[in-house]
Amino acid sequence: MPWMSNEIKTAIRFGFWGGANTFIGITAIMLIQLVSGRPYLANTFGFAIGGITGYFIHAKKTFSVSTSSSSLARYISVLVLGYVLNLVALRIIIRHTNSYAAQALSVFVYICYSYIATKRVVFKV
């Protein structure tokens with residue numbers, strides 16, 4: 001679509017590929033929570049799985065850049081801070097709804113932060 005700016009195209013790609021990656025992470029979270037009954041443990045492992053797949057998906061599919069050890073180190077830093085933001089959101093939201101809904105809502109906080117930080121800090125595009 002020639003009328004669409006590169007920023008909008010990138011955001012759409014991030015949303016699409018991030019959505020696929022989020023599905024992977026949330027599925028892992030829900031399955032681990034179902035088996036363990038421990039929402040925070042499930043959240044930790046789900047984010048680890050999503051983090052690993054997310055780095056490669058976004059480098060190749062969203063931003064069309066090469067991976068490197070320096071961008072991976074930045075990604076890990078962004079992921080850790082995003083995870084902390086997610087846990088804070090989870091801790092607040094879980095007081096007001098069931099743990100499954102709280103998991104899904106807290107991921108939204110992470111997604112907003114992740115787009116900006118991944119684009120500007122990790123891949124510097």
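Begin by selecting α3, which has 25 residues and reaches 35 Å from its first C-alpha to its last, close to the 36 Å expected at 1.5 Å a residue; the expected span is 1.5 Å times one less than the number of residues in the helix. Helices here are DSSP runs of H or I with at least four residues, numbered from the N terminus. What you have open is a predicted model, in which local features need pLDDT of at least 70 and side-chain atom pairs count only at pLDDT 80 or more, while totals for chains, interfaces and linings use all residues. Residues are numbered from 1 along each chain as its sequence is written, and side-chain values use heavy atoms, with hydrogens and water left out.

**Colour by confidence.** The predictor's confidence in each residue, pLDDT, runs from 0 to 100. The chain has a mean of 91, with 99% of its residues at 70 or more. Confidence is highest in α3, at a mean of 93, and lowest in helix α4 (residues 99-122), at 90.

**Stay on α3 and show its side chains.** The buried residues of this helix (buried meaning under 20% relative accessible area, exposed over 50%, partly exposed in between, with a 1.4 Å probe and protein chains only) are S71, Y75, V78, L79, G82, Y83, N86, A89, L90 and I93. Among the elements covering these α3 residues are α2 and α4, where contact means heavy atoms within 4.5 Å.

**Turn to the nonpolar patch.** Select L72, I76, V80, L81, V84, L85, V88, I92 and V109, which together make a nonpolar surface patch of about 700 Å². Residues qualify for a patch with over 30% relative accessible area and no salt bridge, nonpolar side chains (Val, Leu, Ile, Met, Phe, Trp, Tyr) being joined within 5 Å and like charges within 9 Å; the areas come from the Shrake-Rupley method with a 1.4 Å probe. Helix α3 (residues 69-93) supplies the largest share of this patch, eight residues.

**Move to α1.** Helix α1 (residues 6-36) has 31 residues and reaches 43 Å between its first and last C-alpha, close to the 45 Å expected at 1.5 Å a residue. Its buried residues are T10, F14, G18, N21, G25, A28, I29 and Q33, and their cover includes α2 and α4. Just after this helix, select G37, which takes a positive phi of about 75°.

**Select H58.** This residue lies in helix α2 (residues 39-62) and counts as buried because its relative accessibility is 4%. Leaving aside neighbours within four places in sequence, H58 is in contact with F14, W17, G18, F63, S64, T118 and F123.

Side chains of opposite charge can pair when their charged atoms come close. A salt bridge is taken here as a side-chain nitrogen of Lys or Arg within 4 Å of a carboxyl oxygen of Asp or Glu, and by this rule the count comes to two. In one of them E7 pairs with K119, the closest N and O atoms being 2.3 Å apart; since E7 lies in helix α1 and K119 in helix α4, the pair ties together parts that are 112 residues apart in sequence. E7 also meets R120 in a salt bridge, at 3.9 Å from N to O. E7, K119 and R120 are thus linked in a network of salt bridges, in which E7 is partly exposed, at 35% relative accessibility, whereas K119 is buried, at 7%.

Methods. Helices (H or I, at least four residues) and strands (E, at least two) are DSSP runs, numbered from the N terminus.
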